[in-house]
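Biologist: I am new to this structure. Could you take me through it, one part at a time?

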Amino acid sequence: MNWSGLESLISGVNKYSTAFGRIWLSMVFVFRVMVFVVAAQRVWGDENKDFVCNTRQPGCTTICYDHIFPISHIRLWALQLIFITCPSLMVMAHVKYREGKDAKYVELHHGSHLYANPGKKRGGLWWTYLLSLVFKAGFDVAFLYILYRIYDGYDLPKLSKCSLPPCPNTVDCFISRPTEKKIFMLFMVVSSAVCIFMCLCEMVYLIGKRISKLIRIRQENQRLLFAEQHELTNMAPPPVPVS
């Protein structure tokens, strides 16, 4: 996979992100993509070749390997990284749509702009950005759950018992470097959990900022309404005394 191309594409989201979003993106590429490309692929590169069972029964080792590793960690993490980065493209697509719409508006109205800043998170773009955070956190949670269900709580035992046909009886199977693989798996799990936390923090920040802005607008409107009413009361003519 061309991760450098994906990185350059997603990095464009940085200028439309909050501080939490920039931290999330840095964590994804430094602690997940870089670890995945540089180290994890090499650690799991020999999982099939060096998987050994104490039997010579044809097909037994293959069936046991498929049972113990129903899906490769590497392919699952690659799929996870693709899923969690794709929602950021929603934000970029929405901004590009706004920029194109603004360019057409400028042509028709002789220099007048439709958006003062197409990348500012207002209106529909605010909802798109919030939805992208929900998708990113949701995908991470879903993949962590899948990994937990497949590997019994993120565990890689040094010895696995297998009695599936065509194995003649219960055989012992061993994976290569189980401790090292378990450490990398836990590292990726913790990185995913931290990214989920950052998405939740960003959601709280966005919603809190929006609520705070609405409260300020409401208070300002109430202040202006009160000032108008007070001004109208002062401008009213004094009552004429009755003789």
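**A guided conversation**

Modeller: Arg98 has its place in helix α4. Helices (H or I, at least four residues) and strands (E, at least two) are DSSP runs, numbered from the N terminus. This is a predicted model, in which local features need pLDDT of at least 70 and side-chain atom pairs count only at pLDDT 80 or more, while totals for chains, interfaces and linings use all residues. Residues are numbered from 1 along each chain as its sequence is written, and side-chain values use heavy atoms, with hydrogens and water left out.

Biologist: Is Arg98 buried or exposed?

Modeller: Arg98 counts as buried, because its relative accessibility is 7%. Buried means under 20% relative accessible area, exposed over 50%, and partly exposed in between (1.4 Å probe, protein chains only).

Biologist: Which residues is Arg98 in contact with, leaving aside neighbours within four places in sequence?

Modeller: They are Tyr115, Asn117, Pro118, Lys120, Arg122, Gly123, Gly124 and Leu125. Contact means heavy atoms within 4.5 Å.

Biologist: Now the whole protein. How many helices and strands does it have?

Modeller: The protein has six helices and three strands. From the N terminus on, the order of elements is α-α-β-α-α-α-β-β-α. Of its 243 residues, 36% count as buried. Among contacts between residues at least 6 apart in sequence, 76% join residues at least 24 apart.

Biologist: Back to α4, then. At what angle does it pack with α5?

Modeller: Helix α4 and helix α5 (residues 124-150) pack at about 175°, and their axes are 9 Å apart. Therefore α4 is roughly antiparallel to α5. Axes are lines fitted to C-alpha atoms, for helices over the stretch in contact, and angles run from 0 to 180 degrees between N-to-C directions. Angles under 35 degrees count as roughly parallel, over 145 as roughly antiparallel, 65 to 115 as roughly perpendicular and the rest as oblique.

Biologist: And what is the angle between α2 and α4?

Modeller: Helix α2 (residues 19-43) and helix α4 (residues 73-108) pack at about 155°, with axes 12 Å apart. These two helices are therefore roughly antiparallel to each other. The contact includes Trp24, Val28 and Phe36 of α2, and Trp77, Leu81 and Ile84 of α4.

Biologist: On to the strands. What is their order in the sheet?

Modeller: The three strands form an open sheet in the order β1-β3-β2, with antiparallel pairing. β1 (52-53) and β2 (160-162) each have a single partner strand and stand at the edges, so one side of each lacks a neighbour in the sheet. Two strands pair if DSSP finds at least two bridges between them.

Biologist: What holds paired strands together in general?

Modeller: Strands of a sheet pair through backbone hydrogen bonds, either parallel or antiparallel.
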